[in-house]
Amino acid sequence: MLLSCNHIYKAFGERTVLNDASFHINDREKYALVGENGAGKSTLLKMIVGEEPADKGEIILSNGVRTGYLPQQLGYHSDKTIFEELYAVRSDLLEQERVLGELELKIADISDTDKPSQSGTQDETYEALLERYHRLQTDFELKDGYSYKARVLGIIDGLGFGGDRMNQVINELSGGQKTRVALGKLLIEAPDLLILDEPTNHLDISSVSWLEKFISSFAGAVLVVSHDRYFLDRFTEHVIEIDNGTLRSYKGDYTSYTAKKEILDTALLHAYEKQQLEIKHQEKVIEKLRQFNREKSIKRARSREKLLDKMEKAEKPVMQKKSMHVSFEAAIKSGNDVLGINALKKSFDGLTLFHDASFEIKRGEKVVIIGDNGTGKTTLLHMINGTETIDEGTITIGTGVETGYYDQEHGILHDEKTLFDELHDDYPYLDNTEIRNTLAAFLFIGDDVFKNVGSLSGGEKGRLSLAKLMLSEANLLLLDEPTNHLDMVSLEILETALNEFDGTLLCVSHDRYFINKVATRVIELKNGRFYDFLGNYDYYLEKRDTMYANDSIKNSSPGAVSSTFSDNTAQKKNAGETDTGSSKDKWLADKERETNKRRLQKEYDEAENTIDRLENELKEIDELLMDPDICRDIDRLKELDEKRNKTDTALMEAMSEWERIGEELEAI
């Protein structure tokens, strides 16, 4: 066991953060720590590393256990380059390497002619040097000293600092880049227990994918706080949840945790309700016994009262927590052509982000742009929003299109204003009650509305920006990393609101779970080019290698959307365009069509089997309903009737699915 937390209690004023919290972590175990914003996750991590004291309880680290901690916010200054800073982490290996070099020179200096006889003093010195060299070399090799530089370069590249970027001076980096350097130092140190607080906040998708693979193969234990659900599902073996001061542990990944939590919450509510019924029943019995006013009945009443007092009362589970109420509604309906990008080019300081980029977005599409940090995703949104100049090309906003913009840096907010004034100044037609109600919908209640915007946390600024976006009533939403700093509950609410939005969405995001839930189309910005996929993130993963292969064959102009992948084949960009692809393109299309045909045929057969099974179940239920004995059993009749309704509904759904698959098969 590496870490043991026993009966931890922590409060800030009257607010209890942790109450009797206990858990332990063994070697190589991978834990996720989850909970709403403000639940106490970061506080618990600080207590484990000794930066925050526990009010009660004990936190025990086993002897010799080395911990590595990455906080959300850190002050980081260094005049070294990224490579110098990370390479110097294992100073012990560098010192061993230096000593080995010195010994090699000393040994080389002693030539065969200089060596005396076996009994000579110089000969003993030579043998001692060899013995020392081999001993040190063995230790250096056991510590992977010879592969150290390659490992450092691999981590640098994985965190997005490959090539010339590793020579950047750390003091010249942004806050997010410094956080990535700090993460790199921890990964190189390879502690026994790695503690990470929101490590994915400043990473792009490729870096997050690299990190989750690194953690999966990491030889030590990991405790990580993250709102990236896709990330957690990739390596988590246990989930610790903090909920209203109570700590619970679940075995499995994040998806498994959510399913188990729902079952547990329902069971706790049922147990509470059952206990409440029992308490009320006992109170009525006690009251009746007292009304009899006899010695025996009074004794029995007292006895029942004592038992009732000794009963451990269950607290009512909090099933409905405070959460945002988000609803995006467009004031007007836009035309079908919402956005047109034609031959767009953008460069900074001689570096071309993209060139000759062209694509269109139609009304109702939910488009998510992905790509590595620094490729130009946010710049593209700024250009569409009119806050960044265009080098070449055109951006055409369609008829009746009203845009609303969400800035990941919250540049649309004013730190010196109060929350109330922030909304009032932009929407002066709203009265005080409407402004307060809007802020309350985003969890700003009471005197919160008079806080200065500058005093808000990242998550609070995110909620305020979403409130302004909702009030805009725009029909084209431009969102730049909207999931940053939102807790799990808020993320799910935002996803639902965007899915129900009847307008158009263009979003930059690295949250793969969010992309899967919301996107109808993914556009990847890679090496100055735009690659278009007509599906969500999982579909993008499935098709990207084929897309890249097709693109290299076509060798189209840099920056243009190479091609568009849909569920059937790579579609033509323009209506009526003649297929001039190579024979390999045709082979790939035929192969994909045959794959889809086999998949659909399998689904068609499974749907038929499901229909047969459900029809047989209905027949069996109808036969039971005709049984005279069952007709006299009201409870059994009710149970069978409910089962028949559910089975009948499932049959209708199965037949609808069977028809849909049949139509797709016929089309192929």
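Analyst: Six strands form an open sheet with mixed pairing, in the order β5-β6-β7-β3-β8-β9. The model is predicted: local features need pLDDT of at least 70, side-chain atom pairs count only at pLDDT 80 or more, and totals for chains, interfaces and linings use all residues. Residues are numbered from 1 along each chain as its sequence is written, and side-chain values use heavy atoms, with hydrogens and water left out.

Helices (H or I, at least four residues) and strands (E, at least two) are DSSP runs, numbered from the N terminus. Two strands pair if DSSP finds at least two bridges between them.

The edges of the six-stranded sheet are β5 (67-70) and β9 (246-251). Each has a single partner strand, so one side of each lacks a neighbour in the sheet. From one strand to the next, the twist averages 15 degrees. Inside the sheet, β3 (residues 30-34) and β8 (residues 238-243) run parallel, joined by four bridges. Val-34 faces Glu-241 in β8.

Contact means heavy atoms within 4.5 Å. Axes are lines fitted to C-alpha atoms, for helices over the stretch in contact; angles run from 0 to 180 degrees between N-to-C directions. Helix α1 lies across β3, β5, β6 (193-197), β7 (221-225), β8 and β9. It runs at about 150 degrees to β6. Helix α9 (residues 254-292) also packs on the sheet, where it touches β3, β8 and β9. Its direction makes about 125 degrees with that of β9.

Three strands form an open sheet in the order β2-β1-β4, with antiparallel pairing. Here β2 (15-25) and β4 (56-61) stand at the edges. Each has a single partner strand, so one side of each is without a neighbour in the sheet. Neighbouring strands are turned by 20 degrees against each other on average, direction ignored. Seven bridges pair β1 (residues 3-12) with β2 in the antiparallel sense. Ile-8 has Ala-21 of β2 as its bridge partner. Helix α1 (residues 41-48) packs on this sheet and touches β1, β2 and β4. Its direction makes about 125 degrees with that of β1.

Next, the charged pairs. A salt bridge is a side-chain nitrogen of Lys or Arg within 4 Å of a carboxyl oxygen of Asp or Glu. The structure holds 33 of them.

Lys-362 sits in β11 (residues 351-362) and Asp-337 in β10 (residues 337-348), so the pair ties together parts 25 residues apart in sequence.

Lys-345 bridges to Glu-392, with the closest N and O atoms 4.0 Å apart. Lys-345 is partly exposed at 21%, as is Glu-392 at 40%. Salt bridges with shared partners join Glu-241, Asp-243, Arg-248, Lys-261 and Asp-265 into one network. Glu-241 is the residue opposite Val-34.

Lys-299 and Glu-295 form a salt bridge with closest N and O atoms 3.6 Å apart. Both lie in α10 (residues 295-310), four residues apart, about one turn of the helix. An α-helix has 3.6 residues a turn, so residues three or four places apart point the same way. Both Lys-299 and Glu-295 are exposed.

Contrast that with helix α14 (residues 458-472). Of its 15 residues, 12 are buried, so α14 is largely enclosed by the rest of the structure. Those buried residues include Gly-459, Arg-463 and Leu-471. They pack against β14 (403-406), α12 (419-426), α13 (432-441), β15 (476-480) and α15 (488-500). The expected span of a helix is 1.5 Å times one less than its number of residues. For α14 that gives 21 Å, and its end C-alpha atoms are 21 Å apart, which agrees. Just after α14, Glu-473 takes a positive phi of about 55 degrees.

Last, the cysteines. A disulfide is a pair of cysteine sulfur atoms within 2.5 Å. The structure holds zero disulfides. Cys-5 is buried at 1%, and Cys-507 is buried at 0%.

Technical notes: Buried < 20%, exposed > 50% of the residue type's maximum accessible area, 1.4 Å probe, protein only.
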